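Here is a short briefing on one structure. It covers a ligand shell, a sheet and some helix packing.

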Amino acid sequence: MEDTILLIPTLNEEMNISTILQEAKKIKIKSIVIDGNSKDRTVEFAKRGGAEVIIQNGKGKGSAVIQAFKYIIKKYPKYKYIAMIDGDLTYPVHDIPSLVNSFSEGVVMVNGSRLNKMMEKGAMTKLNFIGNKFLNGFANLLHKTGTQDILSGLKIFDVYAVKKILPYMKAEGFSTETEMTILLSRIGKIKDCPIKYSKRGGETKLSPLRVGYRILDTIIKMKSD
Ligand SMILES: Nc1nc2c(ncn2[C@@H]2O[C@H](COP(=O)(O)OP(=O)(O)OP(=O)(O)O)[C@@H](O)[C@H]2O)c(=O)[nH]1
Ligand SMILES: [Mg+2]
C-alpha cells in the first residue's frame, strides 16, 4: 500500500504484535508501533516483526496517538492516509485496503464498524456492548458524527484532515477516539464500513466504568467548544 501507513499503539501486547505485523506484511504496508513503555517483550517483537518503533513520552493511548501523528506527518509527508489499529488482534488487518478504497469526495475518516452480526462471541462484554450503544447514541444526539461506532480501534484517517485537527487534540487516554471523531465530523464526512470484531489476546488496559465516564464527559464538554 503506497499511500497508507499503519499506526499501532501498544502497551504490553507481546502476545499479539507479531501476528499483527505478519498480517501487515501481507498487505505490504509500512508499520509504526508507538509503545507506551511496555513491561513485556512488545518492543523487541515489534522490531523483529519489521515495524519502526517509537517510545511514547507521556501516558495513555491518546497521548501516544498525538505523538505518533506528529512524528508521521514530519518524517513521512508522502503518505495520504494513516490507518490506525489496536495492537490486540481484535481488528482485521486484511480489511485495511478495502477501507482505504472506501474514501470518496468529502470523507475524512473511514471507520471500521464493529457492532454488527459478524462480531465474534465473547469479543465484547455485555457491559461494554451496552456502554458502546449508549455512548454512540448520546454522541450522535449532541454532535451528529455520522458513525455508529465511535470507539472502534480501526480507523483510517485522511492526513490532510489529521493536520487540521491535531492542534485541538488533547485527550490523553481512551477518550481519544471520541475526541478525534467529533473533531473530524466538523470538517468532513465520516463513513462506517462493517468489520469483524474478534476476541482479544492478552489483557485489557481498560477499566470500563472509569473510561465510560471520561468519554461521556468529553462528549458533553465538546458541545460547548
Ligand atoms: N502506546 C500506548 N498504547 C496503549 C496505551 N493504553 C492502551 N494502549 C493500546 O491501545 C489499544 C487499545 O487498548 P485496549 O486495552 O485493547 O482497550 P479496548 O480495546 O478499549 O479494550 P478491550 O475491549 O479490552 O480490548 C491496544 O493496542 C493497547 O495496547 C498507552 O498508554 N500507550
Ligand atoms: Mg482492545
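Of the 23 residues around ligand 1, those that come nearest are G36, A64, G87, T204 and K205. This is a predicted model. Helix α8 (residues 208-223) packs with helix α7 (residues 176-185) and with helix α5 (residues 126-143).

**Ligand 1**

- By class, the shell around ligand 1 holds nine polar, eight charged and six nonpolar residues.

- Strands of a sheet pair through backbone hydrogen bonds, either parallel or antiparallel.
- For β2 and β3 the sense is parallel, over four bridges.
- V33 stands opposite V53 in β3.

**Helices α7 and α8**

- Two packed helices are described by the angle between their axes and the distance between the axes.
- For α7 and α8 the angle is about 25 degrees, and the axes are 9 Å apart.
- The two helices α7 and α8 are therefore roughly parallel to each other, given that angles under 35 degrees count as such.
- The crossing of α7 and α8 is right-handed.
- From α7, residues T178, E179 and I182 meet I215, T218, I219 and M222 in α8.
- The residues of this α7 and α8 contact divide into four nonpolar, two polar and one charged.

**Helices α5 and α8**

- α5 and α8 pack at an angle of about 5 degrees, with their axes 10 Å apart.
- That makes α5 roughly parallel to α8.
- On the α5 side, the contact has L127, N128, G131, L135, F138, A139, L142 and H143.
- These meet P208, G212, I215, L216, I219, M222 and K223 in α8.
- By class, the contact of α5 with α8 has ten nonpolar, four polar and one charged residues.

**Where the contacts meet on α8**

- I215, I219 and M222 of α8 meet residues of α7, and I215, I219 and M222 also meet residues of α5.

How values were computed
Residues are numbered from 1 along each chain as its sequence is written. Chains are lettered from A and ligands numbered from 1 in the order in which they are written. This is a predicted model: local features need pLDDT of at least 70, side-chain atom pairs count only at pLDDT 80 or more; totals for chains, interfaces and linings use all residues. Axes are lines fitted to C-alpha atoms, for helices over the stretch in contact, and angles run from 0 to 180 degrees between N-to-C directions. Angles under 35 degrees count as roughly parallel, over 145 as roughly antiparallel, 65 to 115 as roughly perpendicular and the rest as oblique. A crossing is left-handed if the near helix is turned anticlockwise from the far one by less than a right angle, and right-handed if clockwise. Two residues are in contact if their C-beta atoms, placed from the backbone, lie within 7 Å. Ala, Val, Leu, Ile, Met, Phe, Trp, Tyr, Cys and Pro count as nonpolar, Asp, Glu, Lys and Arg as charged, and the others, Gly among them, as polar. A residue is near a molecule or strand if its C-beta atom, placed from the backbone, lies within 6 Å of it. Two strands pair if DSSP finds at least two bridges between them.
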